[in-house]
Amino acid sequence: MNAITPAFSNEALWGIIAVMGAVLLLLGGELFYARIQLNSRQERYWWVLGVSNMYMFEYDIAADELLLSDHFAALLGAPRHIYQFSTIMGALPKQMSQRGLGNISRILECCKQDGRLEMRRMDGSMGVFRVRCNSFKDKHGQLCSMVGILVDVTREAQEEEALRTRAERDGLTAVYNSDTVRFRIGKMLEKRTGAVSSGFVMLDVDHFKGINDTLGHQSGDRVLQNLSDSLRTAVRDTDIIGRLGGDEFCIYLPQIPDYEFLCRFCQRLNAVSKSYFNQTEIGIDVTISVGGVLVRPDETFADVYRRADQALYEAKAQGRNTNCVRK
């Protein structure tokens, strides 16, 4: 009985070893097959990205490696696989931070809020892209990788801008329409501090009704278009021009040195518009009357409009083709 027990134990042991070996072989085979399937899926995945013109990237933070889809690499003019990415970005010249590979930092920053950014393509054209990104953490809760995709929304952004422009601009003169200019100036007046001087100007065309009645509305429209063009040459980039209605325009000057500056500005409007109309082919002598006011603390748009309208009325009472400026 004692002689049989060791033999039985050895056979059992070898049986266990054989079973475990078989299990390990099966597991190894399954893992090997799963690895092949994973590689195959990844190859198909990146192939789909390439043929579908999708801009995709994957950043392995732990390994500091960046992988780009073919289309994305072509967009940035960069290789598909970039090792030691953070080191390369740290050595990138500052003037290149807004071009090519330098855009990656902006894209990763944009990933935090799934935002949009404007980016220059390799052909020099500007594009607008929406960034979508997902972050992955390891078992310790540390960020280990990021996968993101860019969607080219340039056409969508252009259409949005065109719609916004049509909604905000006067169709005839292309300056801000009445609703927009009142809203914008009203907001700027609310944000204005008492230490900063600003001015508000109203103007219209002298005897404009007579122009429409004698020469027709097409000539009147040309007068308004030429007037808006002349105003653009007289204002600063920060000034706001709007058409309040008919032949009545307004200009808001958000920051001016003093009252004397506003007086010189209104005089310039008279001179510039008269000179501009003399160079056109309308065939009539066109002048404007101007009324300006220095904005007082806590005034609303309605307040400055009322006072500037009174100043404009005084300019017309003085014989037109002149200006009247009030503090």
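**Entry 1: Asn212.** I looked up Asn212 and found it buried, with a relative accessible area of 14%; buried means under 20%, using a 1.4 Å probe and protein chains only. The model is predicted, so to speak of local features I need pLDDT of at least 70, and side-chain atom pairs count only at pLDDT 80 or more, while totals for chains, interfaces and linings use all residues. Residues are numbered from 1 along each chain as its sequence is written, and side-chain values use heavy atoms, leaving out hydrogens and water.

I then found Asn212 in helix α7, residues 208-215. A helix here is a DSSP run of H or I with at least four residues, a strand a run of E with at least two, numbered from the N terminus. Leaving aside residues up to four places away in sequence, Asn212 touches His217 and Gly220; contact means heavy atoms within 4.5 Å.

**Entry 2: the whole chain.** I noted ten helices and eleven strands. Of the 327 residues, 39% count as buried. I also saw that 56% of the contacts with a separation of 6 or more join residues 24 or more positions apart.

**Entry 3: a pocket.** Which residues line the second largest pocket? I listed Arg169, Val175, Tyr176, Arg232, Val235, Arg236, Asp237, Asp239, Ile240 and Ile241. A pocket is an open set of points on a 1 Å grid over the protein atoms alone, where a 1.4 Å probe fits, with protein on both sides within 12 Å along at least five of seven lines; lining residues have an atom within 4 Å of a point.

Definitions and conventions: Buried means under 20% relative accessible area, exposed over 50%, partly exposed in between (1.4 Å probe, protein chains only).
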